[in-house]
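Subject: Model for your files

Hello,

Please find the model below, with the sequence alongside. My notes come after it.

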Amino acid sequence: MKFSDFIATQALLPVLGSTTKESVIGELVDALVSSGNVQASDRDDIIRAIMKREELGSTGIGRGVAVPHTKHVGVSKLVGTVGVSQEGIDFDSLDGHNAELFFLLVSPPDRPGDHLRALENISRQLRNDTFCRFLKQSKTGDDITQLLNEADDNHFGS
Amino acid sequence: MSQLFSTATVVVSNSQGLHMRPANLLVTAAGKFASNVTIVREGQSVDCKSILGILTLGAVQGCQLDLRAEGPDANSAIETIVDLFQRGFDEPTE
């Protein structure tokens with residue numbers, strides 16, 4: 001699965017304003033609402049579900065990366081967005097470091113395979129230091145879109 | 001210290017596959033052993049102590065994986081990790 005299959009390019013947030021775990025999740029979900037990928041009426045429920053998932057164990061998987069996610073009946077296909085925080089946000093990450101790169105995913109409840117393929121793609125690209133560095137340096141949504149397209153075209157190897 | 005080598009083949013039995021929570025359990029379990037533990041899927045080999053590595057396997061339910069451990073506690077490492085797979089990471093198998 002490629003980024004272009006599930007990342008909403010109208011919802012990218014190259015300059016996150018949030019400074020806490022809950023607020024950054026809200027900011028990312030709001031972006032998906034504004035871009036029309038998530039219904040406004042589902043917003044609060046999705047944020048609650050993502051926070052509940054975080055309580056089971058942080059999705060801050062190290063290397064400055066967090067992948068908050070949930071299943072929700074409000075989406076018919078997997079959808080996600082990307083956010084970047086220059087300062088980093090305390091996300092209770094496994095390695096104790098702040099998270100700077102966020103991939104937020106909302107998937108339909110009955111599609112575990114799609115969720116796994118999205119995680120596979122995200123984790124494969126994140127293992128590449130160049131990809132991470134360029135993503136952290138992104139200034140605009142277009143910068144991120146271009147980077148994701150290059151990743152989709154295998155510019156960063158595996 | 002003696003270097004042992006141990007292997008096993010497992011199948012992903014939980015319906016959600018190797019998503020983040022099982023991957024985390026594997027990393028935590030493998031991290032308790034001194035041995036190097038790798039998971040191999042169709043020739044792709046990843047470090048069982050790396051969550052990013054495990055997630056790149058994209059292993060769905062039914063997927064067959066080979067486990068390899070090398071080090072002083074290789075046998076117990078494999079035993080512990082096989083047990084996690086056999087319990088389906090305590091998730092539903094449907």
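Predicted model: local features only at pLDDT ≥ 70, side-chain atom pairs only at ≥ 80, totals over all residues.

Residues are numbered from 1 along each chain as its sequence is written, while chains are lettered from A and ligands numbered from 1 in the order in which they are written.

Chain A

Chain A holds five helices and five strands; helices (H or I, at least four residues) and strands (E, at least two) are DSSP runs, numbered from the N terminus. Their order from the N terminus is α-α-β-β-β-β-β-α-α-α. The C-alpha trace spans about 35 × 30 × 25 Å along its principal axes.

Of the 158 residues of chain A, 44% count as buried. Buried means that 20 or more other C-beta atoms lie within 10 Å of the residue's own, with 12 or fewer for exposed and partly exposed in between; C-beta atoms are placed from the backbone. Among contacts in chain A with a separation of 6 or more, 71% join residues 24 or more positions apart. A contact requires the C-beta atoms of two residues, placed from the backbone, to lie within 7 Å.

Interface

On the chain A side 18 residues are in contact with 13 residues of chain B. Strand 1 (60-62) and helix 3 (112-126) of chain A each supply at least two residues of that side. Helix 3 of chain A gives the most, with ten residues.

Chain B

The twelve residues of helix 1 (residues 20-31) of chain B should span 16 Å, and the end C-alpha atoms are 16 Å apart, which agrees; the expected span is 1.5 Å times one less than the number of residues. The buried residues of this helix include Met20(B), Leu26(B) and Val27(B). Its buried residues pack against helix 3 of chain A, and also against strand 2 (36-41), helix 2 (51-55) and helix 3 (74-86) of chain B.

Gly53(B) lies in helix 2 of chain B. Gly53(B) counts as buried because it has 21 C-beta neighbours inside 10 Å. Leaving aside residues up to four places away in sequence, Gly53(B) touches Val46(B) and Asp47(B).

Regards
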